Amino acid sequence: MRDALDGAATGVAATVLGAGVGHLVAGLFRPAASPPYAVGSAVIDATPEPVKSWAIRTFGSNDKTVLLLGVVVVTLLLAALAGWLGRRHPTRGLIGLAVLVALAAAAVLGRPNADALSLLPTAVTGLVGLATMAALQRELPGAADANTGLSRRGVMLAGGATAFGALAVAIGQSIGSTATKVAGVLPRVRKPLAALPAGLESTVPGVTPWRTPSGKFYRVDTALVVPRVDADNWELVIDGAVEHPQRFTYAQISAMPLVEADVTLTCVSNEVGGEYAGGARWTGVPVRELLARAVPKAGNDQVLSTSVDGYTSSTPLVALTDPTRNALLAIGMNGELLPRDHGYPARLVTPGLYGYVGATKWVTRLTVTTYTSRKAYWTVRGWGEQGPIKPSARIDTPEPLATLKPGTVAIGGTAWAQHQGVRAVQVQIDDGPWQQARLGPDAGIDYWRQWWLPWEATTGQHRLRARCIYGSGSVQTQQRADPFPDGASGYHEIAVIVR
């Protein structure tokens, strides 16, 4: 039994050291080429849609961390199996470990923009891991000593390899992770918008801030590692069915007349009452002006945007060329350059469309085409093509199942109906009549509204519901729907206790 455990330990120690050194090498020049990241990205791409949606609902912004931990656990179990196989037949153990390295190499080569240099971290992982396993195997007892374990020297080697591998992972992670804030100054806007007035959060505690700080803005994407993009080498290509293909450098985009727009973004994965929504002031160039230079050909209805990491998104051409919608190629967020984790150096911001069809981060290509000829990352997986945001009202305060004291209680929250505008918010207490809430300041039809209602709470358990009135007077639908395939809907409802 002991020899089996020690055999497994050789596989684990060799894998930890090899992967750690490979991760460190990747952090020095190309973090996305790290074997764990490449395997994790391949797992994301292969994961069935229901599982992805469940992970986002269950773990929120920690879904990628949970995924990586799962990849690590499975890899270590397979490494332990390889070490166990090699306890009596060393060649079998080495072959098993080599298979794991080969799978990692395949995952690396399967990533967009991969080249021969991308294999360097995996090659280092393989060389270090195999050499470590071979050295540890020599410290295992022979067949006649099945009840003895690794020699004292072998135990020290295995422990040292594991510790050094973990340290290499930490150093590689520190080197490879890039500060979210980008150094530099956002170019001046020729006609800046007036400053946003104070929101209700200063007078109604618990209401979501009217402008979401960049550091607290939600992030949902497929990137396990934030792309490290050099703006000096970045360019935006407009191609496909256009009369005049275009290429723009970052310097050219920055020198164009920039505009500002207050736009609330929402993720299609957002549940009713969920937190995957945020409002910010974006700075950039209207996409319609860039497309006008390329002159899209008649008969096309889609712009397929591509990120530097290969992610694709499909946006209706009419949404990007509509002068009333003001979709932006954004280079700034809340008065500063885009943070790296929100798309630096440039991203799309399309009012009224869920992020998966209109907010591609780290965008580098816009291809004019049709929905019938090209499918994007999420539409291939069954999500809707057009992605219009469903109007919704959310109760921010009081919190669900809160215990309140009798008397005046502020019910407050946020509501959005991007590109249609929130006209009113109504609140229902238990089965009583719908009451008109008081609205906060207005920043236009593409931005959310805060709201609140003073309520004279009485002892007992109560249910609170909210809905928004939008556009020309339409009422938010009560029909309940899950996020898949085109966004959640239904009234946000919570229960509270007053005593």
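A search of the whole structure, which is a predicted model, finds 13 aromatic pairs; rings of Phe, Tyr and Trp (its six-membered ring) pair if their centres lie within 6.5 Å, with planes under 30 degrees apart counted as stacked, over 60 as edge-to-face and the rest as tilted. The protein chain has 12 helices and 20 strands, where helices (H or I, at least four residues) and strands (E, at least two) are DSSP runs numbered from the N terminus. Of its 499 residues, 53% count as buried; buried means under 20% relative accessible area, exposed over 50%, and partly exposed in between (1.4 Å probe, protein chains only). Along the principal axes, the C-alpha atoms fill a box of roughly 85 × 65 × 40 Å.

Because the model is predicted, local features need pLDDT of at least 70 and side-chain atom pairs count only at pLDDT 80 or more, whereas totals for chains, interfaces and linings use all residues. Residues are numbered from 1 along each chain as its sequence is written, and side-chain values use heavy atoms, with hydrogens and water left out.

**Aromatic pairs and cluster**

- Tyr218 and Tyr276 form a tilted aromatic pair, with 6.0 Å from centre to centre and 45° between the planes.
- This pair links distant parts of the chain, 58 residues apart: Tyr218 lies in the loop between helix 7 (152–176) and strand 1 (235–240), and Tyr276 in the loop between strand 3 (259–266) and strand 4 (277–286).
- Tyr218 counts as buried because its relative accessibility is 14%, and Tyr276 likewise counts as buried at 13%.
- The ring centres of Trp416 and Trp448 are 6.3 Å apart and their planes stand at 40°, so this pair is tilted.
- Trp416 belongs to strand 13 and Trp448 to the loop between strand 16 and strand 17 (449–457), so that the pair links distant parts of the chain, 32 residues apart.
- Trp416 and Trp448 are both buried.
- One aromatic cluster is formed by Tyr311, Tyr356, Tyr377, Trp378, Trp383 and Phe484.

**Charges over rings**

- A charge sits over a ring if NZ of Lys or CZ of Arg is within 6 Å of the ring centre and within 35 degrees of the ring normal.
- Tyr377, a member of the aromatic cluster, has the charged end of Arg381 over its ring, 3.7 Å from the centre.
- The charged end of Arg467 sits over the ring of Trp434, 4.1 Å from the ring centre.

**Strand pairing**

- Strands of a sheet pair through backbone hydrogen bonds, either parallel or antiparallel.
- Two strands are taken as paired if DSSP finds at least two bridges between them.
- An open sheet of 4 strands runs in the order 11-13-17-16, with antiparallel pairing.
- Strand 11 (392–397) and strand 16 (438–439) are the edge strands, each pairing on one side only.
- Strand 11 pairs with strand 13 (residues 407–416) in the antiparallel sense over 5 bridges; Ala393 has Ala415 of strand 13 as its bridge partner.
- Strand 20 (residues 492–498) has 5 of its 7 residues buried, so it is largely enclosed by the rest of the structure.
- Strand 12 (residues 403–404) pairs with strand 20 in the parallel sense over 2 bridges, and Thr403 stands opposite Ile497 in strand 20.
- Strand 18 (residues 460–470) pairs with strand 20 in the antiparallel sense over 7 bridges, and Arg465 stands opposite Glu493 in strand 20.

**Helix 5**

- The 20 residues of helix 5 (residues 90–109) should span 28 Å at 1.5 Å a residue, and the end C-alpha atoms are 29 Å apart, which agrees; the expected span is 1.5 Å times one less than the number of residues.
- Gly93, Leu97, Leu100, Ala104, Ala105, Ala107 and Val108 are the buried residues of helix 5.
- Seen down the helix axis, these buried residues fall within an arc of 160°, so they line one face of helix 5; the arc is that of the directions from the helix axis to the C-beta atoms.
- Thr91, Ile95 and Leu103 are exposed on the other side of helix 5.

**Cysteines**

- The structure holds 0 disulfides, a disulfide being a pair of cysteine sulfur atoms within 2.5 Å.
- Cys267 is in no disulfide, and the nearest cysteine sulfur, that of Cys468, is 18 Å away.
- Cys267 counts as buried at 10% relative accessibility, and Cys468 is buried with a relative accessible area of 0%.
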